[in-house]
Amino acid sequence: MRYLTRVLFIAFIFIPLAQVVSADSPSPIILHKWGVMGVDEGNFSHPGSVAADSMGNVYVADTDNNRIQKFDTKGKFITKWGSYGIGDGQFSRPNGIAVDSKGNVYVVETYNYRIQKFTSNGAFVTKWGSLGHGDGELNQPVGIDVDSKGNIYVADTQNNRIQKFDTKGKFITKWGSNGAGDGQFLYPTGIAVDSKGNVYVADYHNRIQKFTSNGAFVTRWGSTGDGHGEYNQPFGIAVGSKGNIYVADTFNYRIQKFDKKGKHITCWGSHGPGDGQFVTPNDVAVDSKGNIYVADTYNYRIQKFVRP
């Protein structure tokens, strides 16, 4: 998800300060970091989501600046697009971003209730979605990802469901409802798809659920807390090339890594502004080389890591 205070329907949830969490294996190496609060190129206002393409370029949903910024793998600014509004190429709090195998960029807008598709350099291609609860309609959507076939999966957050579309925005299927059971959700936020089409969803029940590409429930893991495999409002989720799952455990101020069955592998991070520390990390992405990018939302920056 991405930037918490923008999502008014969860304002009632009590969020305790998490304990400082140390890595349980050698700390990841921080390769680069970039960004400070501001409106200039390379600066951010609450960056809510991050994605990487096959060339190693990094795309950031600069949420409160209502724009997308593109960088090279070292954080050098390349281009940007977007402004506040409802027109094509404009945004109202872009909260999620994903890139397909052809370099097309998909942006989910929480308060325009839609998805926009762009080329890798920001040329508008198409859009779909409107406010509602019917097929193809959205209510404060937050997360988005694309599978290897170009299908798009959207965390339709306030509707407590997942919707699947083809690359042109045609509705394919949906699943989910409000609740705590298997296949149900409480404000699903983060969503990621692995190379086999399995779909992973983070929600406010402090858990991860795994589904097939058509929404059949497979397994789940997680509970509330700050131990291994426990969460405090996980917002973002990503899958690496080896099938490992990375979770932005937002209010535990850390990243957790799991295997595809949900077995905990490692974690790192604590609350603060230092290297490897976070203040509400809202999203995580993994590139083809295994580098890990974190949208460190309230530190107004992106951090890039590699595991030792």
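A pocket, on a 1 Å grid over the protein atoms alone, is an open set of points where a 1.4 Å probe fits, with protein on both sides within 12 Å along at least five of seven lines; lining residues have an atom within 4 Å of a point. Its volume is the space filled by probe spheres set on the points, which are joined across faces, edges and corners.

Before we look around, note that this is a predicted model, in which local features need pLDDT of at least 70, side-chain atom pairs count only at pLDDT 80 or more, and totals for chains, interfaces and linings use all residues. Residues are numbered from 1 along each chain as its sequence is written, and side-chain values use heavy atoms, with hydrogens and water left out.

Let us start with the largest pocket, whose volume is about 920 Å³. It is lined by 40 residues, and Asp145, Val146, Val193, Val239 and Val286 are the closest to its centre. Strands here are DSSP runs (E, at least two residues), numbered from the N terminus, while helices are runs of H or I with at least four residues. Among the strands that each supply at least two residues of this lining are β2 (47–52), β10 (143–146) and β24 (281–286). The lining holds 18 nonpolar, 10 polar and 12 charged residues, where Ala, Val, Leu, Ile, Met, Phe, Trp, Tyr, Cys and Pro count as nonpolar, Asp, Glu, Lys and Arg as charged, and the others, Gly among them, as polar.

The second largest pocket has a volume of about 210 Å³. Lys242, Tyr246, Lys257, Lys289 and Gly290 are the closest to its centre among 13 lining residues.

Now step back to the whole protein chain, which has 26 strands and 0 helices. Of its 308 residues, 61% are buried, meaning under 20% relative accessible area with a 1.4 Å probe and protein chains only.

What about its neighbours? Strands pair if DSSP finds at least two bridges between them. β2 and β3 run antiparallel, joined by 5 bridges, with Ala52 opposite Val58. β3 also pairs with β4 (residues 67–71) in the antiparallel sense over 5 bridges, and there Lys70 is the bridge partner of Tyr59.

How values were computed:
Buried < 20%, exposed > 50% of the residue type's maximum accessible area, 1.4 Å probe, protein only.
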